[in-house]
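I opened the model and kept notes as I went. The entries follow in the order of my look-ups.

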Amino acid sequence: MMRISTKGRYALRVMIDLSHQKSGEPVSLRSVAERQNITLKYIEGIMTHLLRAGLVVSIRGKAGGYYLARPAGDYTVYEILKAAEGDLSTVHCLSTPTNFCPMCDECSTLPLWKGLQNVIRQYLESYTLESFDDSKGMERFCDGITFTQPHQS
């Protein structure tokens, strides 16, 4: 089962926090840690992944800190989670560009897993950091999604 880890969830919270800092000045990790109630050590580990992916910029020194490398509307939730988590595949055989599973040519379930992975990716790509700027509440993230019972044979 695909599951977003604490690292991915916290990375998204950190990026949202940075996007809300409108001063244009670098933001200290200590202040992010306090606002988000995440340990500084854990955030430092997350920032390594976000820096490596080019999502944030780091400024060293007394007045240093971090800020977004691009405008908030240019970041998708998918790319943030991918930077933090690495692999976001629904099943192991889809985790590399080439499927090395010996059954991939005969697998009757592979199209299902590919479809699910595409739906998840499209959904996460449809939200940017700007999506978290308004006060509509989280219910807007499920607008237009209809949940139905699985087909019974």
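**Terms for burial and helices.** I call a residue buried under 20% relative accessible area, exposed over 50%, and partly exposed in between (1.4 Å probe, protein chains only). Helices are DSSP runs of H or I of at least four residues, numbered from the N terminus.

**Ground rules.** The model is predicted, so I took local features only at pLDDT of at least 70 and side-chain atom pairs only at pLDDT 80 or more, while totals for chains, interfaces and linings use all residues. Residues are numbered from 1 along each chain as its sequence is written, and side-chain values use heavy atoms, with hydrogens and water left out.

**Helix α4.** I started with residues 77-85, helix α4. Val77, Tyr78, Ile80, Leu81, Ala83 and Ala84 are buried there. I then asked what covers the buried residues of α4. The cover includes α1, α3 (40-52) and α5. Gly86 follows α4, and its phi is positive, near 85°.

**Salt bridges.** How many salt bridges does a search of the whole structure find? It finds three. My criterion is a side-chain nitrogen of Lys or Arg within 4 Å of a carboxyl oxygen of Asp or Glu.

I took Arg35 and Asp17 first. Their side chains meet in a salt bridge at 2.7 Å, N to O. This pair links distant parts of the chain: Arg35 sits in helix α2 (residues 29-36) and Asp17 in helix α1 (residues 6-20), 18 residues apart. Is Asp17 buried or exposed? Asp17 counts as buried because its relative accessible area is 5%. Arg35 has 41%, so I logged Arg35 as partly exposed.

I stayed on Asp17 for its surroundings. Leaving aside neighbours within four places in sequence, Asp17 is in contact (heavy atoms within 4.5 Å) with Val32, Arg35 and Gln36. I also checked Val27: it is ten residues from Asp17 in sequence, and the C-alpha to C-alpha distance is 9.5 Å.

Next came Glu79 and Arg70. Their side chains form a salt bridge at 2.6 Å, N to O. Glu79 is partly exposed at 24% relative accessible area. Arg70 is partly exposed too, at 29%.

Then I looked at Arg121 and Glu125. The closest N and O atoms of this salt bridge are 2.8 Å apart. Both residues lie in helix α5, four residues apart, about one turn of the helix. An α-helix has 3.6 residues a turn, so residues three or four places apart point the same way. Arg121 is partly exposed at 40% relative accessibility, and Glu125 is partly exposed at 33%.

**Surface patch.** I stayed with α5 (residues 110-125), where Trp113 lies. Leu112, Trp113 and Leu116 make a nonpolar surface patch of about 270 Å². Patches take residues with over 30% relative accessible area and no salt bridge; like charges are joined within 9 Å, nonpolar side chains (Val, Leu, Ile, Met, Phe, Trp, Tyr) within 5 Å. Areas come from the Shrake-Rupley method with a 1.4 Å probe, and for residues only the protein chains shown count as cover. Trp113 counts as partly exposed, at 30% relative accessibility.

**Cysteines.** How many disulfides does the structure hold? It holds zero, the cut-off being a pair of cysteine sulfur atoms within 2.5 Å. For Cys101, the nearest cysteine sulfur is that of Cys93, 5.4 Å away. Cys101 is partly exposed at 29% relative accessible area, and Cys107 is partly exposed at 28%.

Definitions and conventions. Helix = DSSP H or I, 4+ residues; strand = E, 2+ residues; numbered from the N terminus.
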